[in-house]
Structure formats: structure tokens, C-alpha cells
Amino acid sequence: MSFRVAEFYSGIGGMHFALKGAGIDSSVVRAFDINTVANEVYKHNFPGVPVMQRNIEALPMSMFEALRADLWTMSPPCQPYTRQGLQKGSEDPRSKSFLFIIDLLAKLERKPAYLLMENVAGFDKSDTRPILLRQLLRLGYRFEEYVLNPLQMCIPNSRTRYYLLAKLDRPPSDCVNDTDEFPPNFRHSVPGVNLIQPAADADGHVDFERGIWHHDEVRQVKHYMETLSNEDAEPYRLSPKVLEKYDYVMDFITPEDRRTCCFTKGYTHYAEGTGSAVQLTGVVGKDAKTQANTRYFTPREVANLMGFPAEFSFPATTSTRQGYRLLGNSLSVSVVAMLMDYLVRRM
């Protein structure tokens with residue numbers, strides 16, 4: 001069977017690359033995103049896919065029906081749900097389009113058989129989650145929720161994310177109330193997949209950021225790095241002034257390490273909590289400012305750590321700064337490919 005796929009919030013094509021990585025026979029019939037720069041990257045990598053750059057809410061029902069999509073993939077805006085933000089959830093204007101999609105599912109005559117949605121871990125505590133889950137139950141979807149980190153797949157990058165997989169295979173239900181709540185019951189391991197289990201504290205709470213990367217099976221960072229000449233590395237090198245000012249808040253790692261921090265859209269623009277820098281020689285940490293070979297990861301290296309394949313590239317018109325922002329807003333292709341395989345073939 002060849003799947004027809006509609007890719008909502010398509011960004012730079014992370015979901016599409018995950019489809020290819022999972023080896024699923026499919027064709028993306030349309031991609032939707034309002035980010036002009038992201039759409040240029042998407043079209044550069046997938047020139048045969050029509051990209052719709054309009055607000056989803058403004059599109060007619062007939063267009064969604066005409067998609068006849070078997071699988072919908074979605075990475076809605078994370079700002080309403082991020083733990084560092086205001087956490088307004090469904091009250092945030094940026095959640096409007098996703099709420100529209102949730103409502104749209106009930107109106108479609110031909111509903112997608114499969115759904116895969118990705119968002120920040122804060123989505124699991126938002127008021128949007130029960131709205132979504134109630135709708136899925138009403139319409140006859142069976143769903144599973146996951147909180148996963150690429151470190152569990154032995155990839156040396158920490159990027160904890162919430163994932164929802166849904167399959168249409170039950171009768172619709174009229175027994176779901178608008179007040180029904182859903183306590184957290186997330187899975188941290190995919191059936192049939194050998195994942196490194198995250199650490200837990202004494203109360204059994206999962207801690208994705210502690211201890212996992214010390215596992216010998218996690219690959220070293222050097223396997224994801226480019227071999228750069230001094231000239232090519234120069235634009236990414238941290239100056240002594242930057243090191244002196246920010247070394248106490250930055251995360252320094254070496255190529256032999258087995259983890260990197262989550263890369264965000266603010267990487268290289270803000271020092272704290274936006275991603276790791278790599279120390280190629282000398283001492284890591286406070287004394288790193290005395291070394292001349294500390295640099296940021298290149299966009300290609302960040303893409304490698306996020307699972308984008310070698311054939312992925314940015315068009316010449318995309319600046320380095322834009323590349324970092326777009327990658328920071330994207331997803332772990334490796335994790336999503338594993339979930340797609342499970343959703344379509346085994347769930």
C-alpha cells in the first residue's frame with residue numbers, strides 16, 4: 001500500500017525525511033507551513049511536493065477532503081506549551097491553527113487512518129492535550145503517547161519531546177465528555193524496539209537528562225562531526241572575548257563525549273541553554289577561554305545529530321543564522337522514523 005501523506009507545519013521537511021527513513025511507501029500530497037524561509041528549504045529538498053503557505057484556518061473544507069490523505073503528520077507551534085514560555089496553551093493565539101485541525105477531524109467525511117504529532121514535553125501538561133484526546137476517542141481513534149529522547153537511540157543529542165500516535169480502528173463514541181481528563185500515562189519505550197531506558201528518581205519520575213549519555217552504547221559526538229579546515233572552521237570559532245564572558249553558562253563538550261544539549265533556534269545567538277559548543281583541543285570548561293579551538297557546531301553537524309540524512313541541504317539563499325533557527329524548530333528525524341515504522345506496521 002502506498003500512503004498519501006499530508007504534512008502540517010512541515011518546516012524544513014523533518015517528517016518527510018522520517019517517512020523516507022522508515023522506508024514507508026508514501027507520497028506527500030501537500031505540505032503546509034507559513035514560514036517563508038522554511039518553505040524554501042522544503043522545496044529545495046522536495047521540489048515535487050506542493051507547499052501551501054497560507055493559514056490553515058482560512059482554507060476551505062473541500063481542499064482538505066481533496067487531499068484523501070491516509071496519514072497526517074503534525075508539529076504544531078511549541079511556544080504555547082514550552083516550559084520556558086508563558087504556558088497559555090489553548091489561550092495562546094499560536095495554538096489556533098492546531099485547535100482548528102482538531103475540530104476539522106470531526107468534519108471530514110474521509111478521515112486520515114493515521115496521525116503522528118510531535119511537540120515539546122510541556123504539551124503533556126497543557127489544556128490542549130485533553131481537547132485532542134477527547135476528539136480522538138469520539139472519532140474512533142486508538143492512540144498511544146510517548147515522551148522520548150534521542151539519547152535512548154544511542155544518538156548523542158538530548159531532545160526530549162512528546163509524541164502522539166493515533167490509528168483509526170474503533171467505532172466512534174458518544175460517551176466522551178468535555179470535562180474528561182487524562183492523567184499522564186506516557187510510554188518511554190516503543191514495543192519491539194531496544195531503547196536505553198531513562199533514569200528515574202526515588203519516586204519513579206523519569207529524568208531524561210541524567211545518566212543516559214554515560215551508557216557505553218551511546219555513540220560519540222565525533223561520528224557526527226565534519227572534518228573542517230582551519231579556514232572553514234573560522235566562522236564557527238568562539239572568540240576569547242565570548243568565552244571569557246559566557247564560559248560559566250555555556251555547555252562545552254569534546255568529540256569523545258556521548259551527549260550534546262538540545263539545539264534551539266537561539267543557538268549561537270544566546271549563550272545559555274541553546275546547545276553545546278565543542279572543544280577540539282585543550283581543557284574543557286572554565287579554562288576553555290584560553291584555548292583557540294573552541295567552536296560552535298556547524299548547521300550540517302546539528303542536522304546530523306538530529307538525524308537528517310546526507311542528502312538534506314540548505315539552498316544557497318539560506319544564511320547560517322537562518323539554518324540554526326530552522327533546525328532548532330525542527331525535530332529528531334531518527335526518533336520520528338522509528339515511531340512511523342511502529343505506527344504504520346505494528347501498532
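Is Tyr 267 buried or exposed, going by its relative accessibility? At 2%, Tyr 267 counts as buried, where buried means under 20% relative accessible area, exposed over 50% and partly exposed in between (1.4 Å probe, protein chains only). Before the close-ups, a word on the model: it is predicted, with local features needing pLDDT of at least 70, side-chain atom pairs counting only at pLDDT 80 or more, and totals for chains, interfaces and linings using all residues. Residues are numbered from 1 along each chain as its sequence is written, and side-chain values use heavy atoms, with hydrogens and water left out.

**Figure 1. Helix α2 and its buried residues.** Helix α2 spans residues 36–45, and its buried residues are Ala 38, Asn 39, Val 41, Tyr 42 and Asn 45. Helices (H or I, at least four residues) and strands (E, at least two) are DSSP runs, numbered from the N terminus. Look down the axis of α2 and the buried residues fall within an arc of 160°, so they line one face of the helix; the arc is that of the directions from the helix axis to the C-beta atoms. An α-helix has 3.6 residues a turn, so residues three or four places apart point the same way. The cover over these buried residues includes β1 (3–8), α1 (14–21), β2 (26–32), β3 (51–52) and α9 (320–328).

**Figure 2. Aromatic pairs.** Rings of Phe, Tyr and Trp (its six-membered ring) pair if their centres lie within 6.5 Å, with planes under 30 degrees apart called stacked, over 60 edge-to-face and the rest tilted. That rule gives 20 aromatic pairs. Phe 32 and Phe 64 make a stacked one, at 6.2 Å centre to centre with 25° between the planes. Phe 32 sits in strand β2 and Phe 64 in helix α3 (residues 61–67), so this pair ties together parts that are 32 residues apart in sequence. Phe 32 is buried at 1% relative accessible area, and Phe 64 is buried too, at 3%. Tyr 267 and Tyr 296 go edge-to-face instead, at 5.4 Å centre to centre and 80° between the planes. Tyr 267 belongs to the loop between β10 (251–253) and β11 (276–279) and Tyr 296 to strand β12 (residues 294–296), so to speak distant parts of the chain, 29 residues apart. Tyr 296 counts as buried at 14% relative accessibility. There is also a cluster, in which ring pairs link Phe 17, Tyr 42, Phe 46, Phe 308, Phe 312 and Phe 314.

**Figure 3. Nonpolar cores.** A nonpolar core is a set of buried Ala, Val, Leu, Ile, Met, Phe, Trp, Tyr and Cys residues joined through side-chain atoms within 4.5 Å. The largest has 63 residues, of which Leu 148, Phe 297, Phe 308, Leu 339 and Met 340 touch the most other members. Helix α10 (residues 333–345) supplies the largest share of this core, ten residues. Apart from it lies another core, of 35 residues, including Leu 67, Leu 104, Leu 132 and Phe 208.

**Figure 4. Cys 78, an annotated position.** UniProt, in an unreviewed entry, lists Cys 78 under "active site"; UniProt positions are given in the numbering used here, feature names are shortened, and annotations may be inferred rather than shown by experiment. Cys 78 lies in the loop between β4 and α4 (96–107) and is partly exposed, at 27% relative accessible area. Neighbours within four places in sequence aside, Cys 78 is in contact (heavy atoms within 4.5 Å) with Asn 119 and Val 120.

**Figure 5. Two residues with positive phi.** Arg 68 is not a glycine, yet its phi is positive, about 45°. Arg 68 is in the loop between α3 and β4 (71–74) and is partly exposed at 43% relative accessibility. Cys 154, not a glycine either, has a positive phi of about 70°. Cys 154 is in the loop between β6 (141–148) and β7 (161–168), and is buried at 13% relative accessible area.
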